[in-house]
Amino acid sequence: MKTCSARMAALLMACSLTSCGIFGHDGPTQPPTIAGFVGEVVADEPQAALVARDVLAQGGNAADAAAALGLALSVTLPSRASLGAGGACLAWRPGDAQGQAFLFLPRAGQTDARSDRPASVPMLARGLYLMQMRYGHIDFADLIVPARNLATDGVPVGGLLASDLAAVHAPLLADDTTRAIFANSNGTVLGANDLMVQPRLAGALERMRIAGVGDLYNGSLAQSFIRASQAAGAGLTSSDMRANLAQAEQPLTLRSGGLEISFLPPPADGGLGTAAAYSSMDEHGHAGVRAEAVVSGWRAHQNGKGAAMTVADAQALLKSGNLPSGSALPPLPASTSFVVTDRTGETVSCGLTMNNLFGTGRVAGSTGIVLAASPVRRPLPLLTAAIAHQDVTQFRAAATASGQNVAADTAAVALRAAIAGQRPTVTEGMGRANFVSCPAGLPGDSGACFGWTDPRGSGLAVSSGHTK
């Protein structure tokens, strides 16, 4: 996006008017804004990026801002990141040898075979909560407030959501629950800058704010969600909601050029693909290995008759260079990605997915939650993220990307550019990268840091209130 564009000025004003900070409406008194460098935020969806920027400006760290950003995406980009979504995040802070990966990929329910349109267990809230509990310091309830306010007041439809709506408008308008959210009063699908109001989703978010995230899985909100999802043909049960938990895992690691680089581990196998492609690059940035082929080979082995391969197996393969290889991957689900870095260098990089644009294309009734698609009938998404640091103390770069089967290759190119402190040469293709680069390291010369989002997309890179 262009710096200081008229559209961004409008977004900044809208965000100010609708309390996009940590608190708003009936929340606690607004905390003072911190002056100077607060960090970098890069995301595919500008309004959610501004929420994260405000959290950083009001004293939150990268994990706090990333959690608020993910929750805001459930309002501003429900095609790829509703509360029904899944994903994976990589987090690191100064002092960490490797950081930690948080895996909350789409999970199938137990009754998929009897369902009209089986849905994934909603994993987004659990995954963001676990990540923020380990790395954040603000009450999670306060981080829900910006998303709730956006759902209550309404948000202008952004460029990426408008594109997604145009791609699948017919089935969305054919269903009563989705038409109520995504259609104008004249019955046509919402377009760019049209106001999207989601009062039912606001109610679900408010319930989570009051009763906690667990209420979506074990409380009254869970009961409402289960009844509504079953009515929508999703097939989810109370057992599904209780049993599926987010996992914290050690990331894959690679030492290159004096840097320690962490990647998402399987089953977020895009991390393995990105690590393989990055480690094979020559001085001109040409990869000797295709990330897509590595992921394809890994998945073929996982789906074979042999024992399932572990994260340790993936690390051993990466270290040996004896990487699996396969053919091209089939069409994969769409995703979205973002990176947040704070003033200390703590960084979170995430990929989120509905396992299909708008998931099942249905909403869980009174909760307003768009249901993600079950992985039983669709291939797993390709999620990737990487964070590079030096001597355990200085953050250098973080990259992630979307773009279905090319996401991991795109992230490898972006990572190399971010480490070098360069903006990558944009090429044709559906890969869309986001990265943060601090060539001089952080903590340190914060003025040397910058964020980058693919100019072909609708994303935003924002730092200390300044867009890039």
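Which residue in β16 does N434 stand opposite?

Reply: N434 stands opposite T453 in β16. This is a predicted model, in which local features need pLDDT of at least 70 and side-chain atom pairs count only at pLDDT 80 or more, while totals for chains, interfaces and linings use all residues. Residues are numbered from 1 along each chain as its sequence is written, and side-chain values use heavy atoms, with hydrogens and water left out.

Strands are DSSP runs of E with at least two residues, helices are runs of H or I with at least four, and both are numbered from the N terminus. Two strands pair if DSSP finds at least two bridges between them. Strand β15 (residues 432–442) and β16 are joined by 4 bridges in the antiparallel sense. They belong to an open, antiparallel sheet of 6 strands, ordered β9-β10-β13-β14-β15-β16. β9 (252–256) and β16 (450–453) each have a single partner strand, so one side of each has no neighbour in the sheet.

Side chains also link β15 and β16. Rings of Phe, Tyr and Trp (its six-membered ring) pair if their centres lie within 6.5 Å; planes under 30 degrees apart count as stacked, over 60 as edge-to-face and the rest as tilted. F435 and F450 are edge-to-face, at 5.8 Å centre to centre and 70° between the planes. F435 lies in β15 and F450 in β16, so the pair ties together parts 15 residues apart in sequence. Both F435 and F450 are buried (under 20% relative accessible area, with exposed over 50% and partly exposed in between, for a 1.4 Å probe and protein chains only). Together with W452, F435 and F450 form one aromatic cluster.
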